[in-house]
Amino acid sequence: MSPPQVGSPPQMGASSRRRLYPEQIASAYAGQQSPQGAAEAPAYPGAPSAAPAFFVPGAGPAPATSPSTLMQGQPMQGQPIQGQPMQGQPMQGQPMYGQGQGQGQVDGLTQQFGQMGMAEFQTVVLNGRPDLAALDETPPAMRLAPGTMCVAASECAPQFQRSTLNAVPRTDKLLKKTRLPLGLLVTPVCADDDVAVAPDIVRCRRCRTYINPFVAFTDGGRRWRCNMCGLSNDVPLTFDYDSATQTQKDRWARADLRNAVVEFVAPLEYMVRPPMPPAYVFLIDVSYASAQLGAPGVVAQTIRDTLDQLPDADGRTRVAIIGVDAQLHFFQMRTGAEPQQLVVGDVDDVVLPAPSDLLVNLSDARSSLDIVLERFGAMFSNNHGVGNALGPAIRAAQQMLGGIGGRIVAIMASPPTTGEGLVEPRAEGRDLGTPRESELLRAQGTWYKNVAADCSRAQIAFDTVFVGQQAMDVATVGGLARYTGGTLLHYPAFMAGRPEAVRFSSEFGQHLAGAAGLEAVLRVRASKGLRMSAYYGHFFLRSLDLLALPSVDPGRCYAVDLEIDETLPPVVYFQTALLHTTALGERRIRVVTQAVPTTDNAHSVFHHADQSAIAALLAKKAVDRALSARLEDAREALQHKTLEILGAFKTLCTQASSGAATQLQAPRALRLLPLLTLATLKHPALRGGNNVRVADRIAAMSLVLTLPPETLLQPLLVPRVYALHELEPNVGLDDGSGSVVMPQLLPLSAEVLAPRGVFLVYSGADAILWVGRDVDPSMIASLVGEPHVQSGVFTFPDLSDNGSPRPGFELNMRTNNLLRALSLLCHGMWAPPMFVCREDGDQQVRLLLAQRLVEDMDTAAPSYSQFLNQMRDKINRGSF
């Protein structure tokens, strides 16, 4: 007997081998017939007629073309692309099988689209000041055809995954015409995210895609069709029936059908060994150079203050401490016994000095750890030993972690000069700002990269922390973090007792306390016709599409370049799967699924481009090119790509397609792309000139490679400027919902810095308080408690009374509220130092401020208006 048709009642005389559905599900679709004769309007101009698709539960009567119609095509001009799941009224509390969008609803939708006109297809003239508030806007909306989702579900939030194009060209030919980059920015673990957990894992037999809201159910709900490869799969028995409780289940309440971002608890077949415990081995430089900075004491005290915040809910966390100079200083910490220091002087062939009690359980040996860390600073404060045996220390840490994996945290104040892994000093002064500078950005030899590859296979991640101003060859040693998914931190002005040491303690402690994912792998899948061509970030590429990540920190971003190999369907899908171990020792799979419509219309492509995602992807690609080729090549490639995009828009989408134009035009969706390009060129990662030290540049490049667009673009590349002397009455106060009312953003130009004003320039990595020469001393007193301040590093005071304003110091309280709100926007990853910049003050601080005002001209790049004029002239000449 043939199976029942979609949308028709079930055949009651079916074979007994066929699983029967509960009465309430059967009654939901029994007897429902599809009306015929109604026509479906195409979703895009020039789109093909609507093609058959699969039925959508809970969506009302079916469209005329078929009971399972999926509207396909490209967006009509003026129509935003935004996901809109089909809605309907379920019977008896259940979604109804075999029902689609009603014709009346389609007519109403078509009329609504017609009323939109060209509202979304706006072209703007690029002149004057850029609209900085647009950086806080959400990405361009995507309108998915009704029926794309099998049930009304939440869409993929942009903080987890975003595409550079929210209307993807259907062919590679159109993509090349637009010159726009096609890529993904994936941040699988966000700070403070709350992701739904699905009950069990259901995957496609062919392509191994996880079931998601975009699959289609067929055969009366007995089978589901994969949205990636189109294979029809059997629906598991567990979808509708719980054998443990002998009760029926509502399949439409499943988290994996209701959410585009979901987690699964991984079964045993996803494990090659039991989940490893969190383990930390701290390699602390105790050489003379480090002791002169007071680093051993500050580092040890920061670790001790953070021990209670390390993930240890199940009592399995392990910790080891190794002091490093020309020798290795181990600490044996037995439970209930005085800790002992064991010194190994032979670093040519390192052997652990004790078989146990070096890597100890945090809970069991807590008292011994406290003793070691409390005495650590005094123990090495007068150390005169020179040399740094970092390589041998890494080998010792590998022996400790070889069976379980973990994290090696290396804090350095001097370059490795002893044993294997030593680096030769490189004089950088004469080469800065010349073509030879690019050689300084590349590693000496392959020792550290090979170690990183070995550690990646053993699930060991590295964090590299550099303090002080000695040349430590950050480009070479920093590869440990780059190829193991770790973090690189740099504090050139570090000195115990100074603000930079306070900043180190705050940021380093925050980093250690983060709930990182362990022993992870990440894979990105895409619809047929799309191919992943390149990846950017901190990882080790294990295969063509598998990233090995021994550690995944919250807010860590990975970028993917995509290419089109063949004509795409009306909707394409991207699915990212992250298999990882949580800090609680649970193996989980986080799945992020995104649907993006395709189009044959160049206007739709341009006007639904995500300028933040594009700018972030281009910045990461430029940094990657600078590390592998030349800095100048990277800068030119970034400018050239922006010129190509605006030139293609002029040719394809404006009236001045052939000929000179007096003004530079861009789609509204890309109106900030020139500013973001200029800001990237002025950032220390790519800035020209000879005033950026190699270590500072490498640290800046690491940030660009790893930060998500929300943090990378603003405030890091495009700082925020606020006028503190003319705040509105409610600014800096609670808005009633727990958020702080923020002031209006000001242009990034010295023209707005009035002599009688006080301005805050916040870039995340630092904050600058600009004080005009004619400012009222009473205002300064209300802000910092004193009528006069000097240029230089400054600790901003908190003059409030337990959060309540003290008379005369209201401005101080409101400014502190603004600083805390800005820190929250960056998820607390930075504790920026405050600099006071007086209009007539220190030249170095004024130079720092000038580098933050990206709209103004400086020695490294032109002003924003000059940059626009240069691009307009080059586009008119076609010289790009």
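**Close-up views of a predicted model**

View 1. Once its neighbours within four places in sequence are left aside, Leu283 is in contact with Ile322, Val324, Leu390, Ala393, Ile394, Ala397, Ile408, Val409, Ala410 and Ile411. In this predicted model, Leu283 and Leu328 are the residues with the most contacts inside the largest nonpolar core, which has 180 residues. Helix α15, spanning residues 611–628, gives the most to this core, with 11 residues. Another core, of 36 residues, lies apart from it and includes Val286, Val299, Phe380 and Ala501.

View 2. Strand β14 (residues 279–285) is mostly covered, seven of its seven residues being buried.

**View 3. An open antiparallel sheet of three strands.** The strands of this open sheet follow the order β8-β9-β10, and their pairing is antiparallel. Strands β8 (216–218) and β10 (232–234) form the edges, each of them pairing on one side only. From one strand to the next, the twist averages 35 degrees. Three bridges link β8 with strand β9 (residues 223–225) in the antiparallel sense, and Thr218 stands opposite Arg223 in β9.

**View 4. Helix α18 within the structure.** Helix α18 (residues 694–706) has 13 residues and reaches 19 Å from its first C-alpha to its last, which is close to the 18 Å expected at 1.5 Å a residue. Because 11 of the 13 residues of α18 are buried, this helix is largely enclosed by the rest of the structure. The buried residues are Val694, Ala695, Arg697, Ile698, Ala699, Ala700, Met701, Ser702, Val704, Leu705 and Thr706.

**View 5. Val718 in a loop between a helix and a strand.** Val718 is found in the loop between α19 (709–717) and β30 (720–723), and with a relative accessible area of 0% this residue is buried. Apart from neighbours within four places in sequence, the residues in contact with Val718 are Leu132, Leu135, Leu676, Ala679, Leu713 and Leu748. Val718 and Thr680 are 38 residues apart in sequence, while their C-alpha atoms are 8.6 Å apart in space.

**View 6. Cysteines without disulfide partners.** The structure holds zero disulfides. For Cys156, the closest cysteine sulfur is that of Cys190, and because the two sulfurs are 9.2 Å apart, they are too far from one another for a bond; the cut-off applied to such a pair of sulfur atoms is within 2.5 Å. Cys557 is likewise in no disulfide, the nearest cysteine sulfur, again that of Cys190, being 9.4 Å away. Cys156 counts as buried at 16% relative accessibility, and Cys557 counts as buried at 0%.

Technical notes. Residues numbered from 1 in each chain as written. Predicted model: local features only at pLDDT ≥ 70, side-chain atom pairs only at ≥ 80, totals over all residues. Heavy atoms only, no water. Pairing = 2+ DSSP bridges. Helix = DSSP H or I, 4+ residues; strand = E, 2+ residues; numbered from the N terminus. Axes fitted to C-alpha atoms, helices over the stretch in contact; angles between N-to-C directions. Core = buried A, V, L, I, M, F, W, Y, C linked by side-chain atoms within 4.5 Å. Buried < 20%, exposed > 50% of the residue type's maximum accessible area, 1.4 Å probe, protein only. Contact = heavy atoms within 4.5 Å. Expected span 1.5 Å × (residues − 1).
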